[in-house]
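The sequence and structure come before the remarks.

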Amino acid sequence: VAQYSAQLDGVFVALADPTRRAVIRRLGQAPTSVGELAREFPMTLPSFLKHVRTLEANGLIRTTKSGRVRTCVLDRQRLALVEDWLTEQRRVWAERTDRLEQFVTDRTEGEQ
Amino acid sequence: VNPDLDLTLQRVIRAPRAVVWRAWTDPSQLEQWWVPAPAVARVDRLEAQPGGAFVTRISDDGVEFGPHMDAAFLVVDDRERLVFTNAVDSRWTGASGVRTAAARHAASRDELPRGARRLSAGEPALPTVVLTVS
């Protein structure tokens, strides 16, 4: 549970930036080299690499080096944690409001 | 409501608003529906006022209670609207922060459909639950 929570924290940290979200969207199309990605984003290379490192550290992308080219690949499984979490939240609150509805309906009928 | 950031849940509950309001703000009533049976909920603090604590505990056997939720109320409009967040816990004493957040939430009130209860996962930095009764 603690590990899941830490992973989820990391995913949300990684997603909390427009550049990193754009990189994730871009990598959703195809694995891309760092150099090619960097050319598409209007910022200095060191700034861009910082974003890549954040994404990698939080498990949203993996990078592999072949010769002088480092390629970034999206980890869809890690990204799916967000969806799982949202689904779980939706379920918890749907069930909770089911119980609320049942509770207040019973009380209302009891008063009549 | 930002569809990119908010998780919205709408329920129309056919009951007098006073009954729904009491179900949320009376500890002995909240305990009866807050968690799924056979788990048992216990309300430690339910201070329905801006900045007030909202602390519940949960137990599998009704004997030993563990932590469940530690949150704070942001907006409490009698029988109309209840907003709480677990981005800050009950030890939070940021009174000015409450007023700011309350004002911000009040400003967005008109965006909510009448009769809707909005349950929002909020921005990652401010998981907030907004309840609107009409």
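The points that follow take up the basis of the model, the contact between the chains, and the sheets of each chain.

1. This is a predicted model, in which local features need pLDDT of at least 70 and side-chain atom pairs count only at pLDDT 80 or more, whereas totals for chains, interfaces and linings use all residues. Residues are numbered from 1 along each chain as its sequence is written, chains are lettered from A and ligands numbered from 1 in the order in which they are written, and side-chain values use heavy atoms, with hydrogens and water left out.

2. The contact (heavy atoms within 4.5 Å) draws on 17 residues of chain A and 25 residues of chain B. Between them the two chains bury about 2,000 Å², of which 70% is on carbon and sulfur atoms; buried area here is the accessible area (1.4 Å probe) that two parts lose on being put together, summed over both. Trp93(A), Leu100(A) and Phe103(A) supply 30% of the area that chain A buries against chain B, more than any other three residues.

3. Eight residue pairs, both residues at pLDDT 80 or more, are in polar contact between chain A and chain B, a polar contact being a pair of N or O atoms within 3.5 Å, where within protein one must be able to donate a hydrogen and the other to accept it, and residues adjacent in sequence count only if both atoms are side-chain atoms. On the side of chain A that touches chain B, helix α5 (residues 76-111) of chain A gives the most, with 16 residues; helices (H or I, at least four residues) and strands (E, at least two) are DSSP runs, numbered from the N terminus. The residues of that side divide into eight nonpolar, three polar and six charged, where Ala, Val, Leu, Ile, Met, Phe, Trp, Tyr, Cys and Pro count as nonpolar, Asp, Glu, Lys and Arg as charged, and the others, Gly among them, as polar.

4. Two salt bridges (a side-chain nitrogen of Lys or Arg within 4 Å of a carboxyl oxygen of Asp or Glu) are counted between chain A and chain B. The side chain of Arg11(B) meets that of Asp98(A) at 2.6 Å, N to O, and Arg11(B) also forms a salt bridge with Glu101(A), with the closest N and O atoms 3.0 Å apart. Arg11(B) lies in the segment before α1 (17-25) of chain B and Glu101(A) in helix α5 of chain A, so the latter pair joins two chains.

5. In chain A, three strands form an open sheet in the order β1-β3-β2, with antiparallel pairing; two strands pair if DSSP finds at least two bridges between them. β1 (32-33) and β2 (61-66) of chain A stand at the edges, each with a single partner strand, so one side of each is left without a neighbour in the sheet. Six bridges join β2(A) to β3 (residues 69-74) of chain A, and Lys65(A) stands opposite Arg70(A) in β3(A).

6. In chain B, β1 (residues 40-46) runs antiparallel to β2(B), joined by six bridges, and in the turn of their hairpin, which has six residues between the strands, Gly51(B) has a positive phi of about 85°. Six bridges also join β2 (residues 53-59) of chain B to β3 (residues 66-77) of chain B, again antiparallel, and Gly62(B) takes a positive phi near 75° in that hairpin. Five bridges join β3(B) to β4 (residues 81-85) of chain B, where Val83(B) is the bridge partner of Val75(B).
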